[in-house]
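Please look over the sequence and the model shown here before reading on.

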Amino acid sequence: MFQDKINRIIAGLDDAIEIARANAIQSIYAESLFRIFNEGKDKNENQIGGYSNRYKKVRAKKGYQTGYVDLTFTGTLKNSINRDNKKVFFKNNYGIKISGYNEKNFGKRIFAPSKTEAEVWSKELDFELKKLWKS
C-alpha cells in the first residue's frame, strides 16, 4: 500500500512540476507587468526613476502620470513581453532593445523577476507536491 503511493507520487512528479511551472510563469508574468508598468518599479522593487521636467510636460499633455517612470507611453514595450508555460520573454527585437536601453539608462535591472516574483515558483511547486502527496 505504501509502495503504491510512492509509485503514484513518482509517476505524477513530472506533471506536478509542469503544472507548477506553468502556474508560476502566469503569476510572474502578471506580477512583473504590474510592477514595471503600473508601479514603475525595478526588480528590487524600487522606483525606476523620475522623468525630466521636459518629458513630464509631454506626458501630461497625453494625460499620463508624471510622478515616476513607468515605461508606458505607447504600450509597445509592454506588449512586446510574452510568456508560454516555461518562461517570460520578449517576442520581438524592439522589446529586447528598449528594455536593454532602459536598464542601462537607469542603471538598474528592471525586467528580471523581483524576489517576491521569484518565490512564486517555489510556492507553486510546494503546493503541487503537497497535492500529489495527498492523492
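Predicted model: local features only at pLDDT ≥ 70, side-chain atom pairs only at ≥ 80, totals over all residues.

## The largest pocket

The largest pocket holds about 300 Å³ of space, and its lining is made up of 17 residues, among which Tyr55, Leu71, Thr72, Phe73 and Asn102 lie nearest the centre. By class, this lining comprises ten nonpolar residues, six polar residues and one charged residue.

Three helices, namely helix 2 (53–61), helix 3 (76–79) and helix 4 (93–106), each supply at least two residues of the lining, and the largest share, six residues, comes from helix 4.

## Aromatic pairs and the cluster

Four aromatic pairs are found in a search of the whole structure. One of them joins Tyr51 and Tyr55 in a tilted arrangement, with 5.3 Å from centre to centre and 50 degrees between the planes. Tyr51 counts as buried because its relative accessibility, 12%, is under 20%, whereas Tyr55 is partly exposed, with a relative accessible area of 31%.

Tyr55 also pairs with Phe73, again in a tilted arrangement, at 6.1 Å centre to centre and with 40 degrees between the planes. This pair links distant parts of the chain, since Tyr55 belongs to helix 2 and Phe73 to the loop between helix 2 and helix 3, 18 residues apart. Phe73 is partly exposed, at 27% relative accessibility. Together, Tyr51, Tyr55, Tyr64 and Phe73 form one aromatic cluster.

## A charge over a ring

A further contact with an aromatic ring involves Lys87, which lies over the face of Phe89 at 5.7 Å from the ring centre.

Note on methods:
Residues numbered from 1 in each chain as written. Heavy atoms only, no water. 1 Å grid on protein atoms, 1.4 Å probe; cavity = no way out; pocket = protein on both sides within 12 Å on 5 of 7 lines; lining within 4 Å. Points joined across faces, edges and corners; volume = space filled by probe spheres on them. Helix = DSSP H or I, 4+ residues; strand = E, 2+ residues; numbered from the N terminus. Nonpolar A, V, L, I, M, F, W, Y, C, P; charged D, E, K, R; others polar. Phe/Tyr/Trp six-rings, centres within 6.5 Å; stacked < 30°, edge-to-face > 60°. Buried < 20%, exposed > 50% of the residue type's maximum accessible area, 1.4 Å probe, protein only. Lys NZ or Arg CZ within 6 Å of the ring centre and 35° of its normal.
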